[in-house]
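Hi there,

Here is the structure I promised to pass on to you. Have a look at it first, and my notes follow below.

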Amino acid sequence: MRKVLLGTLLVPVLAGGVVRGVRPTRVAHAASARDGVSMAVQRALVGRFFAPATTTAVGERPASKRRVCRVTAPDLGPQVYYVEESFAAASQPPFSSTLLVVTPLDATHARIDELRPRDHAALVGTCDRSGRPADDTTLLADQGCTLVADVGAHGLVAHTDGATCPSTLNGAQYRERTLTVRDGDLAVLDVGRAADGTLAWGDATAPMRFRREPAAR
């Protein structure tokens, strides 16, 4: 498990243009392609989402909310997003807060690394904390759990690579995680599998499905 100390401004930002000098054509084309992937990933990820309550093979899943905003975190990279999830009907604090660090790879692919704060409450409310620096926060990254995203005009599909993401829950050996965004609908599937590939936890037929909510005017 990799540890990162975040000791920098972590505030919401808006996407903007970048002025670049003259570069060789091939380099410029590659940079332009990566910029296109960056913008596509931002369109897919950022926003407010709602998942209605559902019943799965492993039990009831309550209605949930998901909020994603882009933040400034120079220590982590130029493209970082904060993800906060909470139960829709509860007044309790969010149950999940993570950072996604996105690295464009080429014209159609990007790497997404998910970082979790050691202190869950440390990042809660980041999307509403404009202009306010976050406290120094220790972030944890599970080795082997990077998502590789196939990015297109209508969204993206990102998944872990084979059996590289470890899990020991309920006798599992590895975890499979898939994030799918298509035309505003977002689905997250997490399952654990034994060494022989059989299901150890989760429901492979029931991803958590969110719908994008209209942007506030």
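**What lines the cavity, and the rest**

The lining of the largest cavity is made up of two nonpolar, two polar and three charged residues (Ala, Val, Leu, Ile, Met, Phe, Trp, Tyr, Cys and Pro count as nonpolar, Asp, Glu, Lys and Arg as charged, and the others, Gly among them, as polar). Before I go further, please keep in mind that this is a predicted model, in which local features need pLDDT of at least 70 and side-chain atom pairs count only at pLDDT 80 or more, while totals for chains, interfaces and linings use all residues. Residues are numbered from 1 along each chain as its sequence is written, and side-chain values use heavy atoms, with hydrogens and water left out.

Back to the cavity. Its lining residues are Arg67, Tyr82, Glu84, Gly125, Thr126, Cys127 and Asp128, and the space inside comes to about 30 Å³. On a 1 Å grid over the protein atoms alone, a cavity is a set of points where a 1.4 Å probe fits but cannot get out, whereas a pocket is an open set with protein on both sides within 12 Å along at least five of seven lines; lining residues have an atom within 4 Å of a point. Grid points are joined across faces, edges and corners, and a volume is the space filled by probe spheres set on the points.

The largest pocket holds about 840 Å³ of space. Its lining has 42 residues, and those nearest the centre are Glu85, Arg175, Arg177, Val188 and Asp190. By class, 18 of the lining residues are nonpolar, eleven are polar and 13 are charged. Strands that each supply at least two residues of this lining include S6 (64-72), S7 (80-87), S8 (96-104), S9 (109-117), S13 (174-182) and S14 (185-193).

For the chain as a whole, the secondary structure comes to one helix and 16 strands (DSSP runs numbered from the N terminus: helices are H or I with at least four residues, strands are E with at least two). Of the 217 residues, 42% are buried (buried means under 20% relative accessible area, exposed over 50%, partly exposed in between, with a 1.4 Å probe and protein chains only). The chain exposes about 12,000 Å², and carbon and sulfur atoms supply 54% of that area (Shrake-Rupley method with a 1.4 Å probe; for residues, only the protein chains shown count as cover). Among contacts between residues at least 6 apart in sequence, 50% join residues at least 24 apart (a contact means heavy atoms within 4.5 Å).

Now the charged pairs. There are eight salt bridges, each a side-chain nitrogen of Lys or Arg within 4 Å of a carboxyl oxygen of Asp or Glu.

- Asp142 pairs with Arg116, with the closest N and O atoms 3.0 Å apart. Asp142 sits in the loop between S10 and strand S11 (147-152) and Arg116 in strand S9, so this pair ties together parts 26 residues apart in sequence. Asp142 is partly exposed at 25% relative accessible area, and Arg116 is partly exposed at 29%.
- Arg193 pairs with Glu176, again with a closest N to O separation of 3.0 Å. Arg193 belongs to strand S14 and Glu176 to strand S13, so the two tie together parts 17 residues apart in sequence. Arg193 is buried at 17%, while Glu176 is partly exposed at 28%.
- Arg111 and Asp113 meet through their side chains at 3.1 Å, N to O. Arg111 is partly exposed at 31%, and Asp113 is buried at 13%.
- Glu114, Arg175, Arg177 and Asp190 are linked in a network of salt bridges. Arg175, Arg177 and Asp190 are also among the residues nearest the centre of the largest pocket.

Two single residues may be worth a look on your screen. Ser86 is in strand S7 and is buried, with a relative accessible area of 15%. Leaving out residues up to four places away in sequence, Ser86 touches Ser64, Lys65, Pro94 and Phe95.

Cys145 lies in the loop between S10 and S11 and is buried at 12%. With residues up to four places away in sequence not counted, Cys145 touches Thr160, Cys165 and Pro166. The C-alpha atoms of Cys145 and Pro166 are 7.7 Å apart, and the two residues are 21 apart along the chain.

Best wishes
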